[in-house]
Amino acid sequence: MDRTTHRRRRRSRTVLAVVTAAALGAAGCDAVGGESGPGAKEGGPSPRPTPVWDTSPSSVAAVGDSITTGFDACTVLADCPEVSWATGSSDKVDSLAVRLLGKAGAAERSWNHAVTGARMADLPGQMARAVRRAPQLVAVMAGANDACRDTASAMTPVADFRADFQEAMNTLREALPRTQVYVASVPNLKRLWSQGRTNALGKQIWKLGICPSMLGDADALDAAATQRRETVHKRVEDYNKVLEEVCAADRRCRYDGGAVHAYRFGTEQLSRWDWFHPSVDGQARLAEIAYRTVTAKRP
């Protein structure tokens, strides 16, 4: 073999090694997130990874309490699920499900498992029922009844509230690890008392047992009454901190950032029967907050 032939073969081996290394490098990138094999598109960009949060889920389940059942929004002391902020069909509310799925889609692919009077301890059971439908989004609004007890001392301890909410999330995750969760903050009960106490009829309905820890003796402004309401208010803030922290530990959970708690419900947004639960207009405002949170590009 002459020197010219030897140099040519050495250059060929070098080119082959470079080409092989490049091919292996490309294969390594495909293993991380691109396509490889016979069906791969030559020269095309690797597909974008699936986002953790889908802003357009195709089905919705709701869990929670009387706010989500539309209690006292249509008639006195009765549920009205058609105006629920989460899954209602009313055009006056334009619920989260309707905004996401359209009216026909919401009728077929949204489910409301909320129960009037439910507390956080009831949420794991509601979540277990929700997962049977395999929804892509679960909307959660719970906690008001944990603060609305006969007395301030009877409120759900914060540690128990946390354990119950975590159990509900675990129940969901064990069955549906990719389902998204929207968590609404607990409303500001003290502000609702402040708004409703100006209405004589509302205060009469309160005496039937609506949130006694906050609304009992509505006109009392003595030190004991003030301290009681402050205790309830602080507990609600603690509950919201729990909701935020547990949700933050789950990459497919979005907390509303305290938006529901911060919303200033006025007379138009409160039930004309009890001046405490959301009216139809109030339900629409809750739907707006939920939709804004769910569809935001970033939490």
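The structure holds ten salt bridges, a salt bridge being a side-chain nitrogen of Lys or Arg within 4 Å of a carboxyl oxygen of Asp or Glu. This is a predicted model, in which local features need pLDDT of at least 70 and side-chain atom pairs count only at pLDDT 80 or more, while totals for chains, interfaces and linings use all residues. Residues are numbered from 1 along each chain as its sequence is written, and side-chain values use heavy atoms, with hydrogens and water left out.

**Salt bridges**

- D250 forms a salt bridge with R173, with the closest N and O atoms 2.6 Å apart.
- This pair links distant parts of the chain, 77 residues apart.
- Both D250 and R173 are buried (under 20% relative accessible area; exposed is over 50% and partly exposed lies in between, with a 1.4 Å probe and protein chains only).
- K190 and E230 also meet through their side chains in a salt bridge (1.9 Å, N to O).
- K190 is partly exposed, with a relative accessible area of 26%, and E230 is partly exposed at 30% relative accessibility.
- D281, R285 and E288 are linked in a network of salt bridges.

**Nonpolar core**

- The largest nonpolar core has 75 residues, and F276 is among those with the most contacts inside it.
- Such a core is a set of buried Ala, Val, Leu, Ile, Met, Phe, Trp, Tyr and Cys residues joined through side-chain atoms within 4.5 Å.
- F276 touches residues including C148, L189 and W206, not counting residues up to four places away in sequence; contact means heavy atoms within 4.5 Å.

Methods: Helix = DSSP H or I, 4+ residues; strand = E, 2+ residues; numbered from the N terminus.
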